[in-house]
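Hi everyone, thanks for coming. I'd like to walk you through a structure today, so please have a look at the screen with me.

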Amino acid sequence: MSEFNKDDYLNDLPDADQAADQAADQPADQPADNADQAAGPAPADAAEAPAEGAENEAADTKAGDGESADDTLTPLGKAKQEAAEYLEALQRERAEFINFRNRAQKEQERFRQHGIIDVLTALLPALDDIDRIREHGEMDDSFKAVAAKFDKAFEKFGVEKFGEKGEDFDPTKHDAILHKPDAQAEKETVDTVVEAGYRIGDRVIRAARVVVASPQN
């Protein structure tokens, strides 16, 4: 092994001027390239990660705003909102009650009319007999009083008696049992009322049975 010589080692070292010249001759972009190579390629999803995070954060914020909408109301605002909801519910209940009441009233009126019709139908033969007795003048005062009470009772319940001699013949309310030619008749009219008709309002309970006087052809 050779002996270390300090003077030879110092003589082999480059001086300061030579080191500066070597640094100036090196290309300027070499350090940058070396830095890029050392850093390596950036991950593909590195730029997308912040965007996805921002979208998720916006969605969470929107959901949070919807859930906490009521929390942002003042006590007065909450009271007004509750009052509006109660008022709307009350109006719905009132409308339903009015509809129910109207239906109930119509049903009651329908049942009432059915009851009157049933009673009137059962009494029709007796009423026809009373009318025949009146026509023949065989009714005494006591019987007239009873007949008047019948008429008054039916009038109270809206029962109307119809069918008069001389009125125009109407097939919707008259039942013609006979057509009698009449030289003086210009149109069909009621000549004789055999049985009176009865109706409640526009509803005919029984058509009047009549003899019709018809013009001669």
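This is a predicted model: local features need pLDDT of at least 70, side-chain atom pairs count only at pLDDT 80 or more; totals for chains, interfaces and linings use all residues.

S5 covers residues 203-206 and pairs with S4 in the antiparallel sense, over three bridges. The two strands form a hairpin with two residues between them. In the turn you'll find Gly201, which has a positive phi of about 65°.

S4 also pairs with S1, residues 159-162. Here four bridges join the strands, and again they run antiparallel. Within this pairing, Lys161 stands opposite Tyr198 in S4.

Now for the side chains of S4. Gly197 and Arg199 point one way, while Tyr198 and Ile200 point the other way. All four of these are buried.

Tyr198 and Ile200 bring us to the largest nonpolar core, which has 10 residues in all. Its members include Ile116, Ile117, Leu120, Phe154 and Val159, along with Tyr198 and Ile200. Two elements give two or more residues to this core: helix H5, spanning 75-136, and strand S4, spanning 197-200. The most comes from H5, with five residues.

Leaving aside neighbours within four places in sequence, Ile200 is in contact with Gln113, Ile116, Ile117, Gly158, Val159 and Ile205. There is also a second, separate core of seven residues, which includes Val190, Ala208, Val210 and Val212.

Next, let's turn to another sheet. This one is open, with three strands in the order S2-S6-S3 and mixed pairing. The edge strands are S2 (174-182) and S3, each pairing on one side only. On average, neighbouring strands here are turned by 25° against each other, direction ignored. S2 and S6, residues 208-215, pair in the parallel sense over eight bridges. As one example of a bridge, Pro181 has Ser214 in S6 as its partner.

The one I'd like to show you in S2 is His174. Is His174 buried or exposed? His174 counts as buried, because its relative accessibility is 4% and the cut-off for buried is under 20%. The His174 side chain makes a polar contact of 2.8 Å with the side chain of Glu167. Beyond four places in sequence, the contacts of His174 include Phe169, Val190, Ala208 and Val210.

The other is Asp191, in strand S3 (residues 189-195). With a relative accessible area of 17%, Asp191 is buried too. What does the side chain of Asp191 join in a polar contact of 2.8 Å? The partner is the side chain of Lys180. Not counting residues up to four places away in sequence, Asp191 touches Lys165, Lys180, Val211, Val212 and Ala213.

Notes:
Residues are numbered from 1 along each chain as its sequence is written. Side-chain values use heavy atoms; hydrogens and water are left out. Buried means under 20% relative accessible area, exposed over 50%, partly exposed in between (1.4 Å probe, protein chains only). A polar contact is a pair of N or O atoms within 3.5 Å; within protein, one must be able to donate a hydrogen and the other to accept it, and residues adjacent in sequence count only if both atoms are side-chain atoms. Contact means heavy atoms within 4.5 Å. A nonpolar core is a set of buried Ala, Val, Leu, Ile, Met, Phe, Trp, Tyr and Cys residues joined through side-chain atoms within 4.5 Å. Two strands pair if DSSP finds at least two bridges between them. Axes are lines fitted to C-alpha atoms, for helices over the stretch in contact, and angles run from 0 to 180 degrees between N-to-C directions.
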